[in-house]
Amino acid sequence: MRPLHIVVLAAGKGTRMRSERAKVLHRLAGQPLIEHVLGASRTMNPASVTVVVGHQAEAVKAALAREKCGVVLQEPQLGTGHALLQAEPALKGAPGDVLLLSGDVPLLRGETLQQLVARHRQAGAAATVLTADVDGPHEYGRIVRENGAIARIVEHKDATEAERRIREINSGIYVFDLEPLFASLEALGSANAQGEYYLPDLVALYRGRGLTVETMRMPDGSEIRGVNSRAELAALSRDMRLRTCEALMSAGVTIEDPATAYIDATVEVGPDTIIHPNVSLEGTTRIGARCEIHSGSRLVNAVVADDVLIRNHCVIVESSIDAKATVGPFAHVRPESSIGPGAHVGNFVELKKTSMGPGAKANHLTYLGDATIGSRVNVGAGTITCNYDGEKKHQTVIEDGAFIGSDTQLVAPVRIGKGAYVGAGSSIVKDVPAGALAVARGKQINKEGWVEKKARQKRGK
């Protein structure tokens, strides 16, 4: 089997993005554009991956730190032919083929790449170009054919009016036989409107040398669209989300309104889960089976077990929810929190680095930070763990079966023993033993007739 190498072009600035950030680092459906491209490339099991960087090179390198790829610099940026030439040191002497991808084409599927490489190898071609028919080709290069075969690619800026009417476009995706590639790239000229070394000029050069150039023509260009503006970024993001929704629905997930479901391609959702409108599931979020997520909720890198109910307008970040738990509405579960099986976290409750045991409840208007809460604990409305002393955070521990009355302040570090009760309105600053009742509030004084006395004083003025 011939080795396959992949080169990704990611050096461009993306002027029409109007951004200081490198174009390939703009996020689409939760991931930088280049992550989508590298994800598709991984399906090819390549012998090597090389990314050509240029604008904001250090930022792009940093974003690629966890990827198994080489990085080469194109400086200055003198066109796509010049960009591919920068990969020569990484591929010098390597056998096989190179698949060239663009870092700003995020919708390309692995299946399409596999078909393209197969077409190239079956034809024994020196180069194979992925093309597509589109309405309104705009800035894309046009495929010029003679007797049905590709003769050359002409860039939009250099095309005649007749050539601009051609609907078949160059995707910028190619497969090349490595043997003649780099010597041929060095022969490219820059006599064009941009003064750059155009990679598409390699087609005419190969044809002139009698080398085989093949194409794979797609019926539409939806998959090979690139991102050149914020509007295009938004349009492709929408298409990626709809693709993700379609895959989830095919796997048994109910999505009531795919147009308003913001689900990253990296998210997993189990069968028979119901997702209501305007839900965002982001990052590495994993949702179990038979869950229900109501409108307005946002989950980021969250792990949700089976049969969980998340009511409206909850925010859950980098936390876990166990089976049959209920969250919300309007709950905020901050990072490093865990909600145990059958637990309830209700209206306007905030958790931060807090674990809720099985069957524990905090149903109303409560802040629980840096706390460990046991099983079957009931936390009354308005309870606060006072975890910060101005310098350090401290832990609160509430053991199994304890009952915390409403409007209680638990001043950490403090421990409430197993089965203990804390009276409503208490400020607890000391540990409460198991099975004890703790009441810590000022003594109530009733002054009979005080209101009438005050009224007489006011009339006397």
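Helices (H or I, at least four residues) and strands (E, at least two) are DSSP runs, numbered from the N terminus.

This is a predicted model in which local features need pLDDT of at least 70, side-chain atom pairs count only at pLDDT 80 or more, and totals for chains, interfaces and linings use all residues. Residues are numbered from 1 along each chain as its sequence is written, and side-chain values use heavy atoms, with hydrogens and water left out.

Just after α9, Gly-252 takes a positive phi of about 105 degrees.

Helix α9 also contributes at least two residues to the largest nonpolar core, which has 50 residues. Such a core is a set of buried Ala, Val, Leu, Ile, Met, Phe, Trp, Tyr and Cys residues joined through side-chain atoms within 4.5 Å. Ile-263, Leu-281 and Ile-310 are among those with the most contacts inside it. Strand β27 gives the most, three residues. A second, separate core of 34 residues includes Leu-25, Val-49, Leu-99 and Val-117.

| Strands | Bridges and direction | One partner pair |
|---|---|---|
| β13 and β16 | three, parallel | Ile-263 and Leu-281 |

Conventions. Buried < 20%, exposed > 50% of the residue type's maximum accessible area, 1.4 Å probe, protein only. Pairing = 2+ DSSP bridges.
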